Amino acid sequence: GKEKELIRDSWESLGKNKVPHGIVMFTRLFELDPTLLTLFNYKTNCGVVPECLSSPEFLEHVTKVMVVIDAAVNHLDDLDSLEDFLLNLGRKHQAVGVKTQSFTVVGEALLYMLQCSLGTGYTAALRQAWLNMYTVVVAAMTRGWAK
Ligand code: HEM
């Protein structure tokens, strides 16, 4: 449908430049909630966000996140097939101390990145399409918190 088309078209170029766009997203995330920085145990000598984001481990995580988004975009027709992977991914995030509420802030950071990159292409319909896909991904990850 129209939603999938909006997501696929907008990801076409973004997905080819995962790291720079991921950096915009995570810079925004840590601006919105600096306490999330403390959950990365490899954060050494990182007093300020820009320094953290240039560390190899951070860039690796940024890449990992973008690869998951890439997988979701590529599986828009069968997001269910990612269910087990995302549930496990949720478990891993519970283990490192992430709270499910933080995914709301991650969503805001994702939308911010899209807005920055797409400019006038960032329409209400596009925003809603991405939010819907993100909600499905986060719902699956959140099931990893269930006892
Ligand atoms: C792993 C933190 C959001 C994807 C990790 C790790 C930490 C972490 C500490 C383990 C160390 C590492 O692999 O770098 C966070 C925090 C987040 C967040 C604080 C924001 C609240 C996300 C999101 C995604 C994601 C939204 C994807 C949708 C991954 C992946 C791994 C990972 C794929 C590797 C898991 C594995 O080892 O199998 N994350 N993360 N993270 N994260 Fe995140």
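Predicted model: local features only at pLDDT ≥ 70, side-chain atom pairs only at ≥ 80, totals over all residues.
Q: What about lysine 92 and histidine 93, and which ligand atoms do they face?
A: For lysine 92, a polar side-chain atom lies 2.7 Å from an oxygen atom of the ligand. Histidine 93 has a polar side-chain atom 2.8 Å from a nitrogen atom of the ligand.

Q: Which elements give two or more residues to the shell around the ligand?
A: Those are α4 (56-74), α5 (83-95) and α6 (102-118). The largest share is from α4, with four residues.

Q: How many residues surround the ligand, and which are the closest?
A: There are 14, and the closest are Tyr42, His61, Lys64, Lys92 and His93. By class, the shell splits into nine nonpolar, three polar and two charged residues.

Q: Where does the ligand sit?
A: In the largest pocket. The test is that more than half of the ligand's atoms lie within 2 Å of the pocket's grid points, so the ligand passes it.

Q: How much space lies in the largest pocket, and which residues are closest to its centre?
A: The space comes to about 780 Å³. The lining has 29 residues, and His61, Val65, Leu89, His93 and Met141 are the closest to the centre. Two or more lining residues come from each of α2 (18-32), α4, α5, α6 and α7 (124-142), and α4 gives the most, six.

Q: What is the make-up of that lining by class?
A: It has 23 nonpolar residues, along with four polar and two charged ones.

Q: Which elements make up the chain?
A: Seven helices and zero strands. From the N terminus, the order reads α-α-α-α-α-α-α.

Q: Why does the radius of gyration of the chain agree with that of a compact globule?
A: For 147 residues, the globule rule puts the radius of gyration near 15 Å, and the chain has 15 Å, so the two agree. Along its principal axes, the C-alpha trace spans about 45 × 40 × 20 Å.

How values were computed: Residues numbered from 1 in each chain as written. Heavy atoms only, no water. Near = heavy atom within 4 Å. Polar contact = N/O pair within 3.5 Å; in protein donor to acceptor, adjacent residues only side chain to side chain. 1 Å grid on protein atoms, 1.4 Å probe; cavity = no way out; pocket = protein on both sides within 12 Å on 5 of 7 lines; lining within 4 Å. Nonpolar A, V, L, I, M, F, W, Y, C, P; charged D, E, K, R; others polar. Points joined across faces, edges and corners; volume = space filled by probe spheres on them. Rg over C-alpha atoms; globule rule 2.2 N^0.38 Å.
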